[in-house]
Amino acid sequence: MLHTAWKGQLSFGLIEFPIKLHGAVEDKDIKLRTLHSVCYKPIHHVKRCEHCERDVASDELIKGYETSEGHFVTLSEHELDELKKRFSQSKTIDILHFVELEEIDSIYFDKSYYISANEFGGYEYSVLLEGLALSGKVGIAKVFLYSKQQLAIIRSYGDCLLLQTLHFHEELRHVQDVPHVDALPSLSTKDREAAVEIINKLSAPFEPKMHHNDYRDMLHELIQSKDAMTSFSQQQSEQDVTKLMQMLKLSIDQSNLKPRKPRKKAIQKKA
């Protein structure tokens, strides 16, 4: 069962029905902890104020925005909560309009969420799903997720509706800011044709299942190998301790046996 990330209403035209959002992508990265090399125990990051030269408790922390160097405008949790309420209280995702998917450059795409409907919205869900599939278009909407307003598209994906968040245009950096782009040499027609020929020869259908995260797989194998070696070493150590204890017990048992009386030496008479 997929975890519910958000629930509310989805609206397009005069149709509205209840939905839930579920994360479509699972983070498979291997999480490594930072340990103390002396005792191999996890290190906890401490919040410290360099000005006061002491550690700071959580109840002393506030939010602030640096408007100029060293000058901050502070914002209370109440002010932030009130602002968020203006957006989060609306539990309806309104589709603003529809566009061709090809109109949206892939640089805008961010995260993906499956959309599910409950028993009361199945018909409306199917209407939108099949309508999008037949038209080849996607819906443009805004949604407030995880304390952040995001632009999104809603499209058909197999037998399911899919919501994909988009970056706002102002969040994209300008291509002109990339170093040395304006100094690239121009190619001749022959060079362009050669480049296209090489690309065509190396082209193949995209098969996602054929590609794996090799680094993650090798890191996982390394961890398992080292864990097995540690377990084997511990097992050998435990066996050595057990063998030593058995030898000690045997020695104690033997020492508890009734000792023989030493023979008295014969006293030699003097001549």
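1. Valine 181 sits in the loop between strand E11 (160-166) and helix H3 (189-201). Helices (H or I, at least four residues) and strands (E, at least two) are DSSP runs, numbered from the N terminus. The model is predicted: local features need pLDDT of at least 70, side-chain atom pairs count only at pLDDT 80 or more, and totals for chains, interfaces and linings use all residues. Residues are numbered from 1 along each chain as its sequence is written, and side-chain values use heavy atoms, without hydrogens and water.

2. The cut-offs are under 20% for buried and over 50% for exposed, with partly exposed in between (1.4 Å probe, protein chains only).

3. Strands E5 (residues 63-68) and E6 (residues 71-75) run antiparallel, joined by 5 bridges. Strands pair if DSSP finds at least two bridges between them. Lysine 63 has leucine 75 in E6 as its bridge partner. E5 and E6 form a hairpin with 2 residues between them. In the turn, glycine 70 has a positive phi of about 85 degrees.

4. Serine 112 lies in strand E8 (residues 109-117). Serine 112 counts as buried because its relative accessibility is 18%.

5. Which residues touch serine 112, leaving aside neighbours within four places in sequence? Its contacts (heavy atoms within 4.5 Å) include His22, Val25 and Gln164. The side chains of serine 112 and glutamine 164 also make a polar contact of 3.3 Å.

Terms used
Polar contact = N/O pair within 3.5 Å; in protein donor to acceptor, adjacent residues only side chain to side chain.
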